[in-house]
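The following note sets out points on the sheet, the helices and the nonpolar packing of the model under review. Please read it alongside the sequence and coordinates.

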Amino acid sequence: MTASSLFPHLSIHEIFERLNDCEAITVVTPNRRLAQALKENFNRYQINQQKSVWRSGDILPFSSFLERVYLDALYSNLSIDLPQLLTDTQACALWQSIIRSSEAGSGLLNTGQTARLAYEAWQLIHAWRLAPDMQNRFLNEDCSVFRSWMATFEAELERKRQIDPACLADRIGALYVKTSLPRPEVLIYYGFEVLTPQQIVLLKILQEVGSNVFCANPPYPFQDPSENGNARRLSCIDSQIEIRSAAEWARSRLEANPAASIAVVVPELGSVRHIIQRIFSEVMQPDVRKLLPQAQSSQDYLPFNISLGLPLTDYPLIDTALSVLVLSKYGLTFDRAANLVCSPFLAGGELEMHHRASLVQQMRQYAPPFVTLEQLLSLIQLTLEKHKAIHCPVLVEHISALSMLHKDRIPRESRPAAYAQLFSQLLAAIGFPGERTLDSTEYQTLEKWHDVLSEFSTLNTVIATLGYGDAVDKLNDIAANTLFQPQSPTAPIQILGVWEAAGLTFDHLWVVGLSEAQWPLRARPNPFLPYEVQNNAGMSLGSVNEALNYSRQLQNNWLMCAQEVVLSHPKFGEGIDKQAVMPSPLIRSIPEGIVDLPEYPDYREMICNAARLERIEDDRGSPITESDVAGGIAVIKDFSACPFRAWARHRMQVQSRGEPHFGLNAQERGILVHRVLCLIWREFKTKKTLDSIAPCDFEATLQDAISKAMTEFRLWRLPSLSKRFAEIEHRRLIRLMHEWLAEEKKRGDFSVIETEEKSTIQIGGLVLQMRLDRVDQLEDGQLLIIDYKTRPYSINSMFGERPDEPQLPLYLVKIGSDASTVAGIAFASVKLGQTEFSAIVNGQNILPDVRSFDEEKECAQFLSWDALITQWRSDLTKLAEGFGQGDACVSPKNYPVTCQYCDMQPFCRIDERLTAFVNDEDADDD
C-alpha cells in the first residue's frame with residue numbers, strides 16, 4: 001500500500017522543528033542508511049540555526065524501533081510476561097534444525113539456503129498478512145512441505161516461549177492495546193515507498209491509543225519527474241567504459257565543488273563490486289585524495305564509499321580464523337593450507353615471513369592436494385629436516401600446540417556457547433591474530449569476528465548440541481551471510497545499490513547499467529508461497545507486474561532526488577561475443593544527451609611516456625668464477641635445450657612451482673624404479689646369479705628390494721603413500737621387475753660393477769656432479785653404461801650440437817674413449833609392455849635386438865668409434881664453455897616443442913616476444 005495516503009503529511013522543516021521542541025517524538029525509517037542520513041541533515045540544520053548544543057534526534061530504523069519497544073516492555077514494571085525474543089540468526093538456525101529433522105528435508109544438500117528461503121516466506125506471511133489467503137489455495141508440494149515446517153516452527157516457539165522478529169510488530173500492537181506500555185507522543189514514518197499491512201496495523205493502533213502518527217517524504221528538489229530538465233540518458237560502448245565514465249564524471253563534479261553530494265547507483269551492485277572498486281580507484285588516484293580533509297592522516301582514504309559490504313569470509317583475517325578451525329577437524333586443500341602458513345595473522349607471521357614462504361615452496365613437491373592437521377605438521381617437519389636453511393620454530397611450536405589441543409579438547413558433541421569458547425582457545429593456540437599491530441580495517445574486522453562468535457554462542461537458545469564439524473559449518477555460514485563494511489571517514493561520493501539509494505537526495509546522481517537485461521528489477525517470488533497469493537497481496541517483487549511498478553517508482557524518485565541525473569546503459573554485453581543490448585524500455589522516453597567529461601591522464605601511461613628508453617642486448621650473465629656448479633649434468637641438458645633455461649635454473653636458482661598431487665607422479669615413479677633396480681642388482685651382482693637363482697629366492701629378493709625402496713620413499717614423501725596405495729604400487733613394481741628382468745635374461749654374461757655411484761666430471765672448465773645408474777662389465781672385460789628410463793628413448797636424442805639427452809655421451813666421455821674399454825651406452829626402457837634397450841654399441845650381440853655402431857644409419861657420419869666420442873667431447877665442451885661464459889640468450893632448440901613443458905616461460909616471456917614479432921610482421925604486410 002502507498003505509504004503517503006494514510007496519515008497526515010509533514011515537511012522536513014516541520015520534522016526538525018518538532019524534534020527540536022518535543023522529547024517524545026520518534027522518526028522511523030525503512031533502513032539504517034536513511035536514518036543516518038536524516039540524522040546528519042538534522043545536525044546540519046541545528047548548526048545552520050547557530051546552535052552549539054541540541055538534543056539528539058530520536059531517528060532509527062523501523063525494526064530497531066520495534067526491538068526497543070519490546071525490550072522496554074520486557075524490563076518495565078508492568079509485570080508483563082513476555083516470551084524471549086530471538087535474533088534473525090537464531091530464528092534461521094531453528095528453521096534449519098526443523099528442516100534437517102523432517103522427512104522432506106533429510107535429503108537436501110543445502111539446508112542452509114532452504115532455511116533462509118523458508119524463514120523469508122515466514123516473514124512475508126506475517127508482513128503481508130498472507131495466512132488467510134493461503135488457507136483457500138491449492139498448495140503444490142513445496143508449499144505443502146513448508147506449511148508442515150511452519151507448524152513445527154510455531155509449536156517450537158510456543159513450547160519454548162519464544163518469539164521471532166517476524167511476529168514482533170503484532171505482539172507490540174497487542175501490548176499497546178492491552179497495557180499502558182509507554183508510547184511515543186509523535187511517531188513519524190519517513191521515506192517509506194511501501195508500507196506492509198503489518199506496519200499499517202501497528203501505526204493505526206498507535207493512532208488509536210493516542211499517538212500522533214505522521215507521514216514524511218524526503219525533500220526531493222523536484223515534485224514530479226518531468227520537472228527535472230537536467231535528466232538525460234547516455235549510452236556507452238560496454239559496462240566497463242560506462243563505469244569508467246561514471247567515475248570520471250564523479251571526479252569532475254567533486255573537483256568543481258568539494259562540498260557536493262554525489263551518488264552512483266548500480267543495480268546488481270554485488271556482482272560488479274570488485275570492478276567498481278578497481279575502476280573508481282584508478283580514476284580517483286592520486287589527485288582527488290588531496291581534496292579530503294583527512295589527507296594528512298596516516299591512513300589513506302579514497303573519496304568514494306561503496307555501500308555494499310563484503311561477506312565477512314572475504315576478509316583475510318576471517319579467512320585465516322576459519323581456516324584454522326576447518327583444519328582442526330577436516331583438513332584443507334594444500335593451497336589454502338599454504339596461505340594459512342604464510343598468513344600474517346598467526347604467531348611469528350612477521351618474524352618468519354620469508355622462511356615460511358620458502359617453506360611453502362619446498363613443501364609443494366612433497367604435498368598431496370589435501371592435508372589434515374597431522375599431515376600438515378608432518379609435512380612441515382619433513383621439509384624443515386631436508387632444508388636446513390629454513391627456520392620456522394615459532395610455526396612448528398604453535399601448530400604442534402594446535403594439534404595437541406585438537407586431540408585433547410574437541411568433544412564429540414557440545415553446546416554452541418562451549419564451542420565458541422573452544423574456537424577462541426584453538427585460535428589462541430596458533431597465535432591468532434598475530435604479533436603485529438592491526439590497522440584500522442583489520443581491527444574493525446577482528447571486532448566483527450568477536451561479534452559473530454558471540455552471536456554463534458547465542459544459538460544455545462535454539463540448538464541443544466551439535467558436533468564440531470556442524471559447529472564450524474554453522475559459524476562459517478553466519479560469517480558468510482554477514483556483510484561487513486569497515487567504518488571510514490565520510491566520503492563525498494556514494495556508490496549505492498538500488499535499495500540503499502531509496503529516500504536519499506543528492507546534488508548529482510548517475511545510475512549505471514539500465515539495459516533491458518537489468519532494468520526493471522526482476523520478480524523474486526518466494527518458492528514456498530503460492531504465486532497467486534503473492535501477486536494478490538501486491539508485494540514489491542512478488543510478481544512481474546509489481547516488480548515493474550516498483551521499478552517505475554524507484555526511477556521516478558531518481559529523477560526527483562537530484563539536480564543533475566544521468567541514466568546510462570551499455571550498448572554491448574560482456575563476454576567474447578559482445579552481443580548488442582538495448583536500453584531498458586523504462587528509460588527510452590528520456591532524451592539522450594552528452595555528458596562532458598574531462599580527459600584525465602592515465603598515470604601509468606604518463607610514466608611510461610616520460611621514460612627515456614634505450615635498447616640493449618642483455619643476453620649474457622657474468623662468467624662463472626668457480627668450477628663447481630650445482631645441478632649436475634642437468635646443467636648441460638638444460639643449456640642444450642635453451643641457454644636461458646640453464647641460466648635461470650642453475651645460476652639464478654629459479655625453482656619450478658611443484659603441484660600437490662595424490663599418489664605418485666611420473667618423476668616419483670621413476671625414482672622408485674631406479675631405487676628398486678639398484679637394490680636388486682646389488683643383491684644379484686651377475687647375470688649368472690639371475691639365471692641360477694631359485695624361483696622362491698628370486699621372489700624374496702624382489703619383495704625385499706621393493707619393500708626397502710618403498711620404506712625409504714615414505715620417509716621422503718610421507719603423505720603420498722597411504723598403506724593401501726603403497727600396496728597397489730608394490731604390486732605394480734613386482735610386475736614391472738618380472739618383465740624387465742626377463743629382458744635382462746636375454747643378454748650374455750655380465751657383472752654389475754656400479755649402481756648409482758656418485759662421481760664428478762670436468763668438462764669445459766666446469767666440474768659437474770654425476771651419478772651413473774649402472775655400469776656392466778661384459779665377458780670380454782668391456783664396459784656397458786646403462787641409463788634407466790621409464791619410457792622409450794631413441795638414440796637420435798644423443799646426436800647433434802645440442803643433444804636432447806647428453807647424459808650418456810657425458811658418461812662415455814668420463815669413462816674413456818678406448819674401444820677396448822667401453823663397449824657402448826644404452827637407454828634401458830623400464831615400462832610395462834615396452835621394456836627394451838636402445839643403444840649405441842661397438843660390437844655385435846652385446847644387447848638383444850641392438851645392431852653394432854657401424855650398422856646404425858644415425859652413426860654413418862662417423863668413421864670410427866673414437867671419432868664419435870671425439871665429436872661428443874667437442875660438442876659437450878662447447879656447451880659447458882657457453883654456460884661457463886654466461887650465455888643466457890632465450891634460444892630454445894626447437895620452439896615450441898622445447899618450451900611446451902618448460903616452467904621458465906613466465907620468466908623468459910618468449911611467447912610475448914614471438915607474439916610481438918608476428919604482430920609486427922602483420923603490420924608490415926598491411
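Which residue in S17 is the bridge partner of Phe304? It is Ile493.

1. Basis. This is a predicted model, in which local features need pLDDT of at least 70 and side-chain atom pairs count only at pLDDT 80 or more, while totals for chains, interfaces and linings use all residues. Residues are numbered from 1 along each chain as its sequence is written, and side-chain values use heavy atoms, with hydrogens and water left out.

2. The sheet. Strands pair if DSSP finds at least two bridges between them. Three bridges join S10 to S17 (residues 493-496) in the parallel sense.

3. Helices on the sheet. Helices are DSSP H or I runs of at least four residues. Axes are lines fitted to C-alpha atoms, for helices over the stretch in contact, and angles run from 0 to 180 degrees between N-to-C directions.

4. A helix pair. The axes of H16 (residues 393-409) and H17 (residues 416-429) come within 8 Å and cross at roughly 155°. H16 is therefore roughly antiparallel to H17 (over 145 degrees). Contact means heavy atoms within 4.5 Å; His398, Leu402 and Arg409 are among the H16 residues that meet H17, where the partners include Leu422 and Leu426.

5. Nonpolar cores. A nonpolar core is a set of buried Ala, Val, Leu, Ile, Met, Phe, Trp, Tyr and Cys residues joined through side-chain atoms within 4.5 Å, buried being under 20% relative accessible area (1.4 Å probe, protein chains only). The largest has 127 residues, of which Trp95, Ile380, Phe423 and Trp449 touch the most other members. A second, separate core of 49 residues includes Leu19 and Tyr550.

6. Arg161. This residue is in the loop between H7 (141-160) and S5 (162-163). Arg161 counts as partly exposed because its relative accessibility is 41%, between the buried limit of 20% and the exposed limit of 50%. Beyond neighbours within four places in sequence, Arg161 contacts Asp81, Leu82, Pro83 and Gln84. Arg161 and Asp81 are 80 residues apart in sequence, with a C-alpha to C-alpha distance of 10.0 Å.

Note on methods:
Helix = DSSP H or I, 4+ residues; strand = E, 2+ residues; numbered from the N terminus. Parallel < 35°, antiparallel > 145°, perpendicular 65-115°, else oblique.
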